[in-house]
Amino acid sequence: MTTHQVQVLSGAQVVLPTGTVDGGRVIVDGTKIAGALPGTAASASAPAHHTLDLSGHWIVPGFVDMHVHGGGGASFTSGTAEEVLQAVATHRAHGTTTMVASTVTEEMDVLASRAALLAELVQQGDLAGIHFEGPFISPCRKGAHSESLLRDPDPADVRKLMDAAHGTAKMFTLATEMPGGLDSVRLLAENGVLAAVGHTDATYEQTVAAIDAGATVATHLYNAMPAVGHRAPGPIVALLEDERVTVELINDGTHLHPGAFRFAYHHAGAARVAMITDAMDAAGFGDGFYDLGPLAVEVREGVARLVEGGSIAGSTLTLDKAFRRSVTIDGLSVEDAVRSLSANPARLLGVDDRVGSLEPGKDADLVVLDADFAVKGVMRRGAWVLDPQVG
Ligand SMILES: [Zn+2]
């Protein structure tokens, strides 16, 4: 009666790496997936178990968010460890069972001490790593980052933050065209940390150079970078056309026109898109006034903007909404949505040996959706975060 509890989830449409099975079965043993199979018949030799009939529902892998700043009224950039866990819990209840903590621009020493706190939460398994967004970004494309604190991507400074994160740094967003940019990309790539092109004013050619140096991610493609011009295609075209790059997209209907979302999606293909939230504190919480690092933000009708200047300041998105929108409005298949919300970000973050798909031996991280793609249940490591039998 300790950890060895077998649960069988039966009757649902189960999205496996090989495709969807109707009336499939997911067998959860303790914290792990023991089997994910077609058919509902229980095996005669199965140990005592609890069966839950989920007919009429979908079971998909838990979502993986590689770019998120907070939620539930709390932020990853400020506040106590308990507040960070409050943000984590909010996103988990919406199906995100794996997430990194994204920071915003702050003083270097503030970021370094922040990294130390977040690293502990990575080590205890609540976060999958740290994404440093800023301060190494372009003043021309600063978005909701504090201009006076921005700096060039000097590899020595990048190294300082990597060291402060004690091996838990997963990604840096850089304006790679700035002095030190390409050397920083090389430093990150050599250390197995993702170099992401973003908050950038780079040309097409400068972006190609960054990719050749080892950059493999586009930070929220389209947002905080020059628009496409037919003689100056800029970073968007360079990032979309290179097979080595995965593009982040914020599919909340505010950050991107649905046509721009679909254009990028179809050009990059399902294997090269990672849907992210870029969520700030108000996600899963509500309208009102918030701090984003040192800047004040007002959230009205779910849209976050800087009080000063009115720049969009992150989203209030949760990944269940992005999933639902992608399938019901943008016409993605459920299987492609699963790639973009689970498998691809898990692979990029290097955690696909444990999460990102429903396969035996992986963590029992899964989301139960109803026929309208609303979340009815969330399981993480074999335990219900949101129990489909309640509510
Ligand atoms: Zn962000």
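**Entry 1: helix H8**

I started at H8, where Leu319, Asp320, Lys321, Ala322, Phe323, Arg325 and Ser326 are buried. Before going on, I note that this is a predicted model. H8 runs over residues 319–328, and I put it down as mostly covered, since seven of its 10 residues are buried. What sits over those buried residues? I found that the cover includes strand E6 (63–65), strand E9 (96–99), strand E16 (273–276), helix H9 (334–348) and strand E21 (375–380).

**Entry 2: helix H2**

Next I checked the length of H2, residues 108–123. At 1.5 Å a residue its 16 residues should span 22 Å, and I get 22 Å between the end C-alpha atoms, which agrees.

Then I asked which residues of H2 are buried. My list reads Leu111, Arg114, Ala115, Leu118, Ala119 and Val122. Their arc around the axis is only 145 degrees, so they lie on the same side of H2.

What do the buried residues of H2 pack against? I noted strand E10 (101–103), strand E11 (130–133) and helix H3 (155–164). Just past the end of H2, Gly125 has a positive phi of about 90 degrees.

**Entry 3: strand E1 and its partners**

I followed E1, residues 6–16, through its pairings. With strand E4 (residues 49–53) E1 pairs in the parallel sense over five bridges, and Ser10 has Asp53 of E4 as its bridge partner.

With strand E2 (residues 19–29) E1 runs antiparallel, over nine bridges. The link from E1 to E2 is a hairpin of two residues.

I also have E1 with strand E5 (residues 58–61), parallel, joined by two bridges. Here the bridge partner of Val14 is Ile59 in E5.

**Entry 4: the seven-strand sheet**

I wrote out the order of the open sheet as E10-E11-E12-E13-E14-E15-E16, seven strands with parallel pairing. E10 and E16 are at the edges with a single partner strand each, so one side of each has no neighbour in the sheet.

I zoomed in on one pair, strand E14 (residues 217–218) with strand E15 (residues 246–250), which are parallel over two bridges. In that pair Val217 stands opposite Thr246 of E15.

A reminder to myself first: most residues other than glycine have a negative phi, and most peptide bonds are trans.

Which peptide bond is cis? I found the one from Gly134 to Pro135, with omega near 15 degrees. Pro135 sits in the loop between E11 and H3.

Asp278 is not a glycine, yet I read a positive phi of about 55 degrees for it. Asp278 is in the loop between E16 and strand E17 (288–292). Buried or exposed, I wondered about Asp278? I count 28 C-beta neighbours inside 10 Å and the cut-off for buried is 20 or more, so Asp278 is buried.

Phe373 is not a glycine either, and its phi is positive at about 65 degrees. I place Phe373 in the loop between strand E20 (366–369) and E21. Phe373 has 19 C-beta neighbours inside 10 Å, so it goes down as partly exposed.

**Entry 5: two domains**

Last, I looked at how the chain divides: domain 1 is 6–61 + 356–386, and domain 2 is 63–348. Their C-alpha centres are 30 Å apart. How many residues does each domain give to the contact? I have 16 residues from domain 1 and 20 residues from domain 2.

On the side of domain 1 that touches domain 2, I find that E2, E5, E21 and strand E22 (383–386) each supply at least two residues. Sorted by class, that side of domain 1 has 10 nonpolar, four polar and two charged residues.

Terms used. Residues numbered from 1 in each chain as written. Predicted model: local features only at pLDDT ≥ 70, side-chain atom pairs only at ≥ 80, totals over all residues. Helix = DSSP H or I, 4+ residues; strand = E, 2+ residues; numbered from the N terminus. Expected span 1.5 Å × (residues − 1). Buried ≥ 20, exposed ≤ 12 C-beta atoms within 10 Å, placed from the backbone. Arc of directions from axis to C-beta. Contact = placed C-beta atoms within 7 Å. Pairing = 2+ DSSP bridges. Domains from an automatic or database assignment. Nonpolar A, V, L, I, M, F, W, Y, C, P; charged D, E, K, R; others polar.
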